[in-house]
Amino acid sequence: MPRRERGLLDMTLEGVAQFLNQKGICGRWSGPGETRLSSATHDSRRSEPGTLFCCVPGGHRDGHDFAPQAVAAGASALLVERELPLSVPQLIVPQVSDALGYAAAAVYGVPADRLKMIAVTGTNGKSSTTYLLRSILACAGIPCGLLGTIVYHDGLEEYEADRTTPQAPDVQYWLHRMVSSGCKACVLEASSHGLVQGRLKGCSFDGAIFTNLTPEHLDYHGTMEEYFESKKALFDDYMNFSWCGAINRDDPYGRRLLDVYGDRCLGYSLNPSSSGDCFPEDVAMDIKGGRFSLNLPGVPPLAAELPLAGHFLLANALGAASLAFRLRVAPEAIVEGLRRVPQVPGRMERYATDRGVACVIDYAHSPDALDNVLRALRSLCRGKLWVVFGSGGERFSGNRPVMGEVAAQWGDRVIITMDNPRGEDPAAIAAENFAGVRRAGGEDRCSIVLNRHEAVWHAMDRAEEGDVVLVAGKGPERFILRGGDKIPYTDKGAFLSWASARGVAWHP
């Protein structure tokens, strides 16, 4: 996270209170209402003169307890649920969590109102879809910022992301940076956690894409229906009066959304369907990408190219194209944006070697995502398909044997390794993965190599010409989370170190 610039804005505490009142949140202030504010945060360590420190009560810690540290660091005012015995102005509201996003938006000048705001939600495909849509907008002459799992980009500079959807004050801070950098649009990933926790309050969206819904985060949401409702909240609660959308018609939950919002949304599908849909024809796909005819309503078929391999990435391209079309982007800019999209870090990120072996790095960490990637690679692989994967600790454990079953179903060779075990025993997680491999009859084709770096080397050393090695689960992540430690590691780094040690040339 970059250091926050001081003195960029000139909002008063009274002005924040008035904005909250417009949003139906009644607040009163104590102390000088003309106190000037230039930033907002819920982290006392980021407080400085001009900061509105927001005291968010949490399950383990109460932000009110950190207000003295924030004031000592220079915070100019507090957002609280109860007045504190501190000598700074305070804005008292019924629930800080409800007011947090709106208060931050006010401090930063409501930047969402000055951007074309676009959100992408769903289980899989969010990051790829945001990259595709951003490329299309760039070709249409619309500079666009990005907030997502991989990076935050303000239009000029790029920073490693620390979570898919940032906390509410950080969302508003980044939107402000985008406006200051000359962006005209923002495309962001809307996670289920971010929607449920109100991190996007203070934003009003012009467009939204729904990719799909498969079992994930059920340790948090409980049921698929609750998970779906968390995603549906984007369309129910966060869109502006003239919004439009694109929804995956091939997904059953997407069809439910189309039943409700079909008058505003274009359905897209990998299969030719109704004339109102966006769909491809004459698809030719190889490991480097695909060529196809893009069909959009009322437009002659467009010859399109996509430098990303796999039908699931083609589906993401259709989603981006559909929404861009609804936003009145010229068809020529749409196909040019698809053609120019850069390789998305950790999403079917491919490296070809002079040994005739390809290494593909992908973030797939759920059964459905792994199934999609392996189906795509199976159809493109001339030799054996190797699968290196694991499962994260302290996450929905029901996925672990299913991941193993999927890996064994599609892979010729399976290597189970460590992902992010967190506080769990990596060997115990691997055993649950192996149970699924055994269930699919693949135990004789499976090895367990817990050290992830060694697992990548193990596969690359044994793969032969025509083989593809998929390293799945971590994508662009730069650490392994084990216990309380963040151990520096990347799948790309493991491949590159192998290539260097073995004297193997490679190219993207």
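**Close-up views of a predicted model**

**View 1. Helices α1 and α3 are therefore oblique to each other.** Angles under 35 degrees count as roughly parallel, over 145 as roughly antiparallel, 65 to 115 as roughly perpendicular and the rest as oblique. Here the angle is about 130°, and the axes of α1 (residues 13-22) and α3 (residues 96-107) lie 9 Å apart. Axes are lines fitted to C-alpha atoms, for helices over the stretch in contact, with angles from 0 to 180 degrees between N-to-C directions. Helices (H or I, at least four residues) and strands (E, at least two) are DSSP runs, numbered from the N terminus. The crossing of α1 past α3 is right-handed; a crossing is right-handed if the near helix is turned clockwise from the far one by less than a right angle, and left-handed if anticlockwise. Contact (heavy atoms within 4.5 Å) involves V16, F19 and L20 of α1 and A99, Y102, A103, A105, A106 and V107 of α3. By class, these are 9 nonpolar, no polar and no charged residues. Ala, Val, Leu, Ile, Met, Phe, Trp, Tyr, Cys and Pro count as nonpolar, Asp, Glu, Lys and Arg as charged, and the others, Gly among them, as polar.

The model is predicted: local features need pLDDT of at least 70 and side-chain atom pairs 80 or more, while totals for chains, interfaces and linings use all residues. Residues are numbered from 1 along each chain as its sequence is written, and side-chain values use heavy atoms, without hydrogens or water.

**View 2. Helix α8 crosses helix α9 at roughly 40°.** The axes of α8 (residues 224-237) and α9 (residues 252-261) come within 11 Å. That angle makes α8 oblique to α9. α8 contributes M224, E225, F228, K232, F235 and D236 to the contact, and α9 contributes Y253, R256, L257 and Y261. These residues divide into 6 nonpolar, no polar and 4 charged.

**View 3. T35 lies in the loop between β2 (28-30) and β3 (36-37).** With 15% relative accessibility, T35 counts as buried (under 20% relative accessible area; exposed is over 50% and partly exposed in between, with a 1.4 Å probe and protein chains only). Leaving aside neighbours within four places in sequence, T35 is in contact with M11, T12, L13, S76 and P89. The T35 side chain reaches the backbone oxygen of P32 at 2.8 Å.

**View 4. V110 and R328 have positive phi values.** Phi of V110, in the loop between α3 and β8 (116-121), is near 50°. V110 is buried, at 15% relative accessible area. Phi of R328 is near 70°, and R328 is found in the loop between α10 (311-326) and α11 (331-340). At 80% relative accessibility, R328 is exposed.

Methods
A polar contact is a pair of N or O atoms within 3.5 Å; within protein, one must be able to donate a hydrogen and the other to accept it, and residues adjacent in sequence count only if both atoms are side-chain atoms.
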